[in-house]
Amino acid sequence: MPDRSLSTERSTAAPLLSVVICTYNRAPLLAQVLESLCEQTLPTERFEVIIINDGSADDTEAVADSYAKKLPLRYFYQRNAGLASAKNHGLFASQGDLVFFMDDDDIASETLLEEHVKTHLKFPAQHYAVLGYTALDPEISQNPLMYFVTEVGCFLFSYPSLKHGDILDYSYFWGGRSSCKRSFLLEHGVFNPVFRFGAEDLELGYRLSKHGLRVIYNKNAVSIMVRKISFDAFCHRLERQGSSNYVMSRLHPEPEIQRWAEIVDLDKNWAMINGHYDAIVESARHLDSIANLKLVSGFDLDDETRYLTYRGYWAAFKACKLKGIVKKRSLHDE
Amino acid sequence: MNSSGETLRQMLRVLIVGIYLVDKENFAVDISREFSGSKDWTVEQQWVSLGENPPKPVMASLTVQRLETPVPKFLLLNRLLKTVNLYDFEYIIISDDDIVLPPGFLDSYLARVSHHNFAIAQPARTHDSYIDHPFVEQLDGIDARWTRFVEIGPLFSLHRSAFDYILPFDEASPMGWGNDFVWPVLAEKHGLKMGIVDAMPVAHSLRKPVAYYDHASSAKTMNDYLAGRPHLPKKDAFFILESYA
C-alpha cells in the first residue's frame, strides 16, 4: 500500500539539518555564531537555524532579527527555564531530519554543518549521533586555564584521547557539539527539564544508550570556542555541574552512573577537602593570577609555574564539583 | 477585556463530557468540581459511569448514563454527543477521570485556547505524569504552542469551528488510537489551529495507561487504522509552528 502520510519525505541523500542554538544573554556572541553560519559550505536550503532565547534580557531578539534575511532562521522566546527545556523547545520546533545542538559561544568553521551531514549520510541508522571537534580560538588557546580544561585536566572537553572515526558510547553525546537524528529522540526520549545546566546531554545519552545510541567522532566538524572563561566563572560552573551530577545520580542508581557522578566515596573525598576548601580555591586563584600576569607581561610560562598552576586548577576544580554535589545533596535531604 | 466583553464571555457555554470508571479509584469528583467552579463560562457537565457500582452522590446529578459493561471510549462519546445540540456550545471538552487539574483550570485554559484560536487543543502533561509522547509534556518557560498534534486523551477540547470536521469521531478506531495523527490533516485542510497549553498542565499519574491495554495490540490497531487514511508521521506531527510566552 502506498504511504498516504503527508510526510514531506526528503531524499536521504539530502537530509535537512536543524541547527538548534539555545542562548541566554550572549547577544554579541550570538551575532558571531550566526555570522559564521552565513559562510557555510552546506547550501542554505539544506539547513535551518532555530534560536531559542531562554529569557535573555539583552539584544538577543534584535540580533536574531538582523540575521532573519541572511539565514533560514526561526526565532523562539521562552521565559528562563534552563538548557534542557530550551533544547526540547528547539527540538520540537525543528523541521530537520537531523538536529545539531550548537552552543551560543562557538563559531562554526565553514565546513562544520557539511561535515555533520556527511557523517550522518555515512552512518544513516537512527541510533548514530555525531560528535564534532571544538577547538579554542587562538585568542584564548594560550590562556592557561582554557588550555588546562581542554587539553590537560579535560574538565571542559576531553578530545585528546579521541581519534577521528571513533565509535563512542553515550558519554560522548556532548551538548553543543553533537548532532543526531531527530526521529531517534522523538521516539526514545528528550532532555529532562530538571537539568537547568550541565548533565542534560549525558543523562539523555544514557537513556538513549538503552536504545543503541552510538556516537561517531568527526574531527573535521570543527567549531571554535571564542569565549574565555575566568577562574571564578569556571569554579561556579563546576559547582553547578556537581549539582547536576547529584541529580543524575538520583535518577539513575546504576553503578556506572554513580561512578561518573562521583558519588562513590563522596563522603570520604569531601572530608579531605571540606576544611581546606577556601584555601584550595584561593591558592589556585592566586596561581592563575600569577600565570596570567606573566603572560600579559610578555613572559613565557616556565615549567614550574605551569606545573603548579595546573595542580592548583586540578585541586580547585575537583573541590568545586564535590562542593556542588554535597550542597545539592543537603538541599535534597532537607 | 471590557465589561461588555466580560458579559459576552459569561454567555458562552462549554460542555464537559467525561467518562469515569466507577469501580476503580478515580478523580471524577474533583475534576467535575473544578469545572463547575468556572467564573467565565456557563458549564454543562455530562458524565458516563462505567462499572457496576452506583455513582457517588455528588456525581449522580452529573451522570447521564450508567453502563455496567465496557464500551470503547469513542463509541461512547459519539453516542452521547448525538443526543446533544453541539452548537449550543462554544467548546466541548472531553475528559478522562484520572487527571488532576490545577486550580482555576477551565478559565485559564480556555482563555489561552481562545486567545490563540486553537480549534483542537489540550493541556500539557505535568513532568511527573505518565507520558507516552514526550511532545505533550509541559515545556517550561512558555504558555502555549501551535502544534500539529493533540493527543486523544486524557483531556482535549474542540471549538465549535472543528465540530463539522472532527465529529462524530471516526469509529474505525473505537478507542481513538491514531486519531491524533489524523486530526492534524483534517485541521490543516480546514484551516484550523491545533495547540497545547503549557501554562495549565494536568497531572496524569493515577493509572499507567499501558497497564490497562495490550500495548502491542493497540499499536497494531493504530497502524492498521492509519494505513488506510491520510495522517502525519510522528516526525511531522511532533512539531511546534509557534510558541507563546
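Modeller: Two residues are in contact if their C-beta atoms, placed from the backbone, lie within 7 Å. The model under discussion is predicted.

Colleague: With which residues is A:Gly153 in contact, leaving aside its neighbours within four places in sequence?
Modeller: A:Gly153 sits in the loop between H6 and strand E7 (167–168) of chain A. Its C-alpha atom and that of A:Glu304, 151 residues apart along the chain, are separated by 17 Å. Once neighbours within four places are set aside, the contacts of A:Gly153 are A:Phe148, A:Tyr313, A:Trp314 and A:Phe317.

Colleague: Is A:Gly153 buried or exposed, or partly exposed?
Modeller: A residue is buried if 20 or more other C-beta atoms lie within 10 Å of its own, and exposed if 12 or fewer do. A:Gly153 has 16 other C-beta atoms within 10 Å, so it falls in between and is partly exposed.

Colleague: Which helix gives the most to the side of domain 1 of chain A that touches domain 2 of chain A?
Modeller: The domain assignment gives domain 1 (17–225) and domain 2 (231–328) in chain A, and their C-alpha centres lie 25 Å apart. The contact takes 16 residues from domain 1 of chain A and 22 residues from domain 2 of chain A. On the domain 1 side, helix H6 (144–152) and helix H8 (200–209) of chain A each supply at least two residues. The one that gives the most, with 5 residues, is H6(A).

Colleague: How many nonpolar residues has the side of domain 1 of chain A that touches domain 2 of chain A?
Modeller: By class, that side of domain 1 of chain A has 3 polar and 1 charged residues. The count of nonpolar residues there is 12.

Colleague: What does A:Val20 touch, not counting residues up to four places away in sequence?
Modeller: With residues up to four places away not counted, A:Val20 touches A:Ile50, A:Ile52, A:Lys87, A:Gly90, A:Leu91, A:Ser94, A:Val99, A:Phe100, A:Phe101 and A:Met102.

Colleague: Where does the largest share of the side of chain A that touches chain B come from?
Modeller: Between the chains, 24 residues of chain A are in contact with 22 residues of chain B. Strand E3 (73–78), helix H3 (83–93) and helix H7 (182–188) of chain A each supply at least two residues of the chain A side. By class, that side has 10 nonpolar, 11 polar and 3 charged residues. The largest share, 5 residues, comes from H3(A).

Colleague: Over which residues of chain A is the pLDDT below 50?
Modeller: Chain A averages a pLDDT of 94, and 96% of the residues score at least 70. The stretch with pLDDT below 50 has 16 contacts in the model beyond near neighbours in sequence. That stretch is residues 1–11.

Colleague: Why is chain B said to be as compact as a globular protein of its length?
Modeller: Chain B comes to 10 helices and 9 strands. The globule rule gives 18 Å for 245 residues, and chain B is close to that, so it is as compact as a globular protein of that length. Along its principal axes the C-alpha trace spans about 55 × 45 × 35 Å. The radius of gyration of chain B is 17 Å.

Colleague: What is omega for the peptide bond from B:Leu167 to B:Pro168?
Modeller: B:Pro168 lies in the loop between helix H6 (160–166) and helix H7 (179–189) of chain B. The bond from B:Leu167 to B:Pro168 is cis, with omega near -5°.

Colleague: Is A:Asp265 buried or exposed?
Modeller: A:Asp265 has a positive phi near 65° and is a residue other than glycine. Its place is the loop between helix H10 (255–260) and helix H11 (266–274) of chain A. A:Asp265 has 11 inside 10 Å, so it counts as exposed.

Key: Residues are numbered from 1 along each chain as its sequence is written. Chains are lettered from A and ligands numbered from 1 in the order in which they are written. This is a predicted model: local features need pLDDT of at least 70, side-chain atom pairs count only at pLDDT 80 or more; totals for chains, interfaces and linings use all residues. Helices (H or I, at least four residues) and strands (E, at least two) are DSSP runs, numbered from the N terminus. Ala, Val, Leu, Ile, Met, Phe, Trp, Tyr, Cys and Pro count as nonpolar, Asp, Glu, Lys and Arg as charged, and the others, Gly among them, as polar. pLDDT is the predictor's confidence in each residue, from 0 to 100. Domain bounds come from an automatic or database domain assignment. The radius of gyration is taken over C-alpha atoms; the globule rule is 2.2 Å times the number of residues to the power 0.38.
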